[in-house]
Structure formats: C-alpha cells, structure tokens
Amino acid sequence: MKNYIINNHNEIRIIFFIFFLLFFVLLEKLYPKKNNINIISIRYINNFILFFLNTILIKFLLPLMVIIFSIYTENSNFGLFNILNINIFISLIISLILFDLTIYLQHYLFHKITIFWKFHRVHHADTDLDVSTGLRFHPVEILISMFIKLIFISIIGPPMIAVLIFEIILNTSSMFNHSNINIPDRIDFFIRKLIITPNMHRIHHSNKSKNQNKNFGFNLSIWDNIFRTYKFYDNNKLDKLTIGVREFKSKNQLWVHRILVQPFK
Ligand SMILES: [Zn+2]
C-alpha cells in the first residue's frame with residue numbers, strides 16, 4: 001500500500017485535482033454567485049496558463065518535492081514525530097492540523113512582509129473570483145511556500161501520507177474558497193464553523209486593505225478565530241465589495257506575461 005502511494009503520488013494528486021476542479025466548475029455553473037463570469041475569457045485562460053507554467057516549473061526545477069522529502073525524513077528518522085515514534089494515526093491528525101496552522105502563518109507573512117506581498121499581490125490582483133483564482137499564484141510564491149513546507153517537514157517529521165493528504169486538501173480548499181459558488185447565508189453559517197467558505201475568503205480579496213488583513217485561513221477557520229483576524233459579511237454586503245488590488249485593475253493586467261512581472265512594478 002505504502003509503496004503504491006510512493007510510486008503513484010503524482011497520479012493520485014492529479015486525479016483528485018481534476019475531480020474537484022470539474023466538481024467546483026459544475027457547481028459554479030449551476031449555482032453562480034456572480035452571473036457575469038465567463039470561462040472563455042482572457043482572465044480565466046491566463047490564470048490556467050500561469051497554473052500550468054507553475055506545474056512545469058516545479059516538476060522540472062524542483063525534483064525534491066515535499067512528498068519525496070517526507071519519505072526521506074521518515075526513512076532517516078528525522079523530525080520530531082519520527083524521533084518520538086508516535087502512533088501513525090495520532091501523528092497524521094496532529095500533522096494535518098499543524099500544517100494548516102503553518103499555511104495560515106505563511107499567508108499572514110505574505111501580507112505583512114513587503115517583498116512577499118509583492119509576489120502574493122499577483123494572486124490578489126485577479127479582478128473576479130472563481131476556481132481559476134485558487135490556482136493563480138506567482139511562481140516565486142510557490143517556491144517560497146515549498147521552502148516553508150520543507151522546513152516544516154524537517155522539524156515536525158510528519159508521516160508521508162499526511163503530507164500527501166495535506167497537499168490534496170490545500171489544493172482542493174484553495175479551489176473551493178475562491179470559487180464563484182453561491183452559498184446561502186444559513187448554510188454558510190454552519191460550514192464556516194469548521195472550514196473557510198468562499199464567502200469568508202471573498203472579504204479577504206476586497207480591494208480595501210482593512211479587509212485584506214482579515215480571513216487568512218485557507219482550510220480550517222479556527223486560526224482566524226484564535227488570532228482575531230476573523231471577519232464576516234452576509235451575502236448582501238459581500239455583493240457590494242470590489243475584488244482586486246488598486247494598483248492593477250486594468251483588463252490588460254490579466255495576461256500571463258504581465259502577471260509575471262507585476263511584483264517588479
Ligand atoms: Zn491573501
């Protein structure tokens with residue numbers, strides 16, 4: 001079983017990715033929050049081109065992926081959980097929770113440190129929100145994030161399966177919380193008790209900095225509650241928000257070659 005996962009972890013991730021991508025795109029079509037979002041648009045196509053460029057970059061430039069690295073730490077008894085030899089189920093659950101906290105803190109730093117923000121701003125410069133926004137990140141942000149994950153793995157030593165599950169969860173939650181799915185307030189109320197909803201994350205993508213500094217969570221909503229960065233608007237108020245950043249609001253900024261140089265402007 002473990003060897004099967006080690007040999008096929010890329011295929012497993014791709015299958016989950018394609019399944020959830022199609023699932024969320026279908027929900028966006030059936031229950032759109034905003035009706036004017038078009039799949040055949042410059043914005044949508046360029047977001048996907050950027051995503052495929054990133055995928056190629058990581059595949060070829062960074063063979064030391066997080067999952068491979070976690071197999072290495074597991075085999076060489078490196079990292080806290082491997083040294084303490086904790087039960088696999090307990091270390092799996094704790095690893096997933098700590099991983100999510102790490103991503104919350106990473107997101108916080110991407111907003112607070114100027115040089116990081118310039119790369120993360122590329123993601124915020126999207127003028128609408130849908131699944132394609134959840135895949136739109138500058139390659140430098142992906143590399144910084146990869147580096148932070150490698151540090152996390154070397155300190156904590158999570159089981160390989162936890163890293164694989166977390167990568168799938170992170171990818172799926174990013175597509176979900178950016179999606180253009182209309183979730184009624186009364187249903188959203190229950191979902192956001194546990195996980196970040198598109199409505200919660202929409203506030204974070206408003207062009208006002210007081211809103212951008214709220215709702216940093218990507219998956220679990222507890223971190224925003226604990227660190228007092230939680231904010232919520234109902235659907236009426238959400239519809240009045242302007243999405244994007246003030247610096248890059250023109251339509252020609254949506255092309256991939258312009259997106260890539262935005263941090264240097
Ligand atoms: Zn952000």
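This is a predicted model: local features need pLDDT of at least 70, side-chain atom pairs count only at pLDDT 80 or more; totals for chains, interfaces and linings use all residues.
His111 is one of the protein donors of a zinc ion. Along the chain, the donors follow the spacing H-x3-H-x8-H-x3-H-x79-H. Because His111 belongs to helix α5 and His204 to helix α10 (residues 198–204), this pair ties together parts that are 93 residues apart in sequence. His204 is likewise buried, with a relative accessible area of 0%.

| Residue | Relative accessibility | Class |
|---|---|---|
| His204 | 0% | buried |
| Leu84 | 53% | exposed |

Leu84 belongs to helix α4 (residues 80–84). Between Leu84 and Gly157 there are 73 residues of separation in sequence, and the distance from C-alpha to C-alpha is 9.8 Å.

The protein chain as a whole contains 14 helices and 0 strands. For its 265 residues, a compact globule would have a radius of gyration near 18 Å, and the chain agrees with this because its own value is 18 Å. The C-alpha trace spans about 50 × 40 × 35 Å along its principal axes. Of the 265 residues, 52% are buried. Among contacts between residues at least 6 apart in sequence, 76% join residues at least 24 apart. The accessible surface amounts to about 13,300 Å², and 69% of it belongs to carbon and sulfur atoms.

In soluble globular proteins, nonpolar side chains tend to be buried together. The largest nonpolar core here has 27 residues, and those touching the most other members are Val66, Ile67, Phe99, Ile153, Val163, Leu164 and Phe166. Two or more residues of this core come from each of α1 (2–30), α3 (66–75), α5 (88–112), α7 (139–156) and α8 (160–177). The greatest contribution is that of α8, with 7 residues. Beyond its neighbours within four places in sequence, Phe99 is in contact with Lys149, Phe152, Ile153, Val163 and Phe166. A second, separate core has 13 residues, including Phe17, Leu21, Phe24 and Tyr44.

Helix α8 has 18 residues and reaches 26 Å from its first C-alpha to its last, close to the expected 26 Å. Because 14 of these 18 residues are buried, α8 is largely enclosed by the rest of the structure.

Methods. Residues are numbered from 1 along each chain as its sequence is written. Side-chain values use heavy atoms; hydrogens and water are left out. A nonpolar core is a set of buried Ala, Val, Leu, Ile, Met, Phe, Trp, Tyr and Cys residues joined through side-chain atoms within 4.5 Å. Buried means under 20% relative accessible area, exposed over 50%, partly exposed in between (1.4 Å probe, protein chains only). Helices (H or I, at least four residues) and strands (E, at least two) are DSSP runs, numbered from the N terminus. Contact means heavy atoms within 4.5 Å. The expected span of a helix is 1.5 Å times one less than its number of residues. Donors are N, O and S atoms within 2.8 Å of the metal (3.2 Å for Na, K and Ca); water is not among the atoms, so sites may look incomplete. The radius of gyration is taken over C-alpha atoms; the globule rule is 2.2 Å times the number of residues to the power 0.38. Accessible areas come from the Shrake-Rupley method with a 1.4 Å probe; for residues, only the protein chains shown count as cover.
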